[in-house]
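Reader: I have a structure open on my screen and would like to learn how to read its features. Could we go through them together, one at a time?

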Amino acid sequence: AIDVNGVYYANLAEAIAAANAGDTIVLKSDIIGAGAVIDKDITIDFGGFTYTFTEGVGSSGTPSNGFQILAGSNVTLKNGKLDVAEAAKDKFYTLIQNYADLTVSDMTLDGTNLDKWSATDGDSYTLSINSGNVVISNTNIIANNDGNKAFAFDVCQYLTYAAPNVTFKSGNVQGNVDVSA
């Protein structure tokens, strides 16, 4: 179950939709569920548990992200693990697509099952940073090891968004890092 101010939800998309800006969403167990678009200032405290994505979200025609964090938001992800279900791996390209201010602490971001396009060009991103101020601490970021374009994370300015600023304080990165434009 996922707690938002004493009300429980089955998945993160429902919890995020119900949360008010400034709320903290707390996982109370391991959860398997759909991805979510985040468009508000929230904290997700995973409580030491894992959220496993089974259905992606994203722009029209490309619902291949676990989280899509939209510009203008200030989001904190802490104390847990994100991954993709083995059975859903052909649906996912990116674990977290970020355009906002983001703090990631005490997390494992496991991109092992990011396989959507590995048959064609192998490219996948565990954490894709396209804008915002991002601070990462005590976090493990694991890339899919299929193909030659599997990235633990990238820092790449997206179109007209402000260039991202990333501070990696501590953790472990398993895979390539891509820095461009």
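Author: Gladly! Let's begin with exposure: a residue is called buried under 20% relative accessible area, exposed over 50%, and partly exposed in between. Keep in mind that this is a predicted model. Take Y161: its relative accessible area is 31%, so Y161 is partly exposed. Y161 sits in the loop between β15 and β16 (165-168).

Reader: Is V104 buried or exposed?

Author: V104 has a relative accessible area of 1%, so V104 is buried. You will find V104 in strand β11, which covers residues 101-110.

Reader: Now salt bridges. How many does the structure hold?

Author: The idea is a side-chain nitrogen of Lys or Arg within 4 Å of a carboxyl oxygen of Asp or Glu. The structure has four of them. One joins E55 and K91, at 2.6 Å from N to O. E55 belongs to strand β7 (residues 50-55) and K91 to the loop between β9 (74-84) and β10, so this pair ties together parts 36 residues apart in sequence. Both partners are partly exposed, E55 at 42% and K91 at 31%.

Reader: What about K81 and D110?

Author: Their side chains form a salt bridge of 3.8 Å, N to O. Because K81 lies in strand β9 and D110 in strand β11, the pair links parts 29 residues apart in sequence. K81 is partly exposed at 26% relative accessibility, whereas D110 is buried at 14%. These two also belong to a salt-bridge network together with D83. Another bridge pairs E86 with K89 at 3.1 Å, N to O, and K89 is partly exposed at 28%.

Reader: Last one: which residues are closest to the centre of the largest pocket?

Author: The largest pocket has a volume of about 320 Å³. Of its 17 lining residues, Y93, Q97, Y99, N130 and Y158 are the closest to the centre. The elements giving two or more residues to the lining are β8 (65-69), β10 (94-98), β12 (124-129) and β15 (150-156). Sorted by class, the lining has seven nonpolar, nine polar and one charged residues.

Conventions. Residues numbered from 1 in each chain as written. Predicted model: local features only at pLDDT ≥ 70, side-chain atom pairs only at ≥ 80, totals over all residues. Heavy atoms only, no water. 1 Å grid on protein atoms, 1.4 Å probe; cavity = no way out; pocket = protein on both sides within 12 Å on 5 of 7 lines; lining within 4 Å. Points joined across faces, edges and corners; volume = space filled by probe spheres on them. Helix = DSSP H or I, 4+ residues; strand = E, 2+ residues; numbered from the N terminus. Nonpolar A, V, L, I, M, F, W, Y, C, P; charged D, E, K, R; others polar. Buried < 20%, exposed > 50% of the residue type's maximum accessible area, 1.4 Å probe, protein only.
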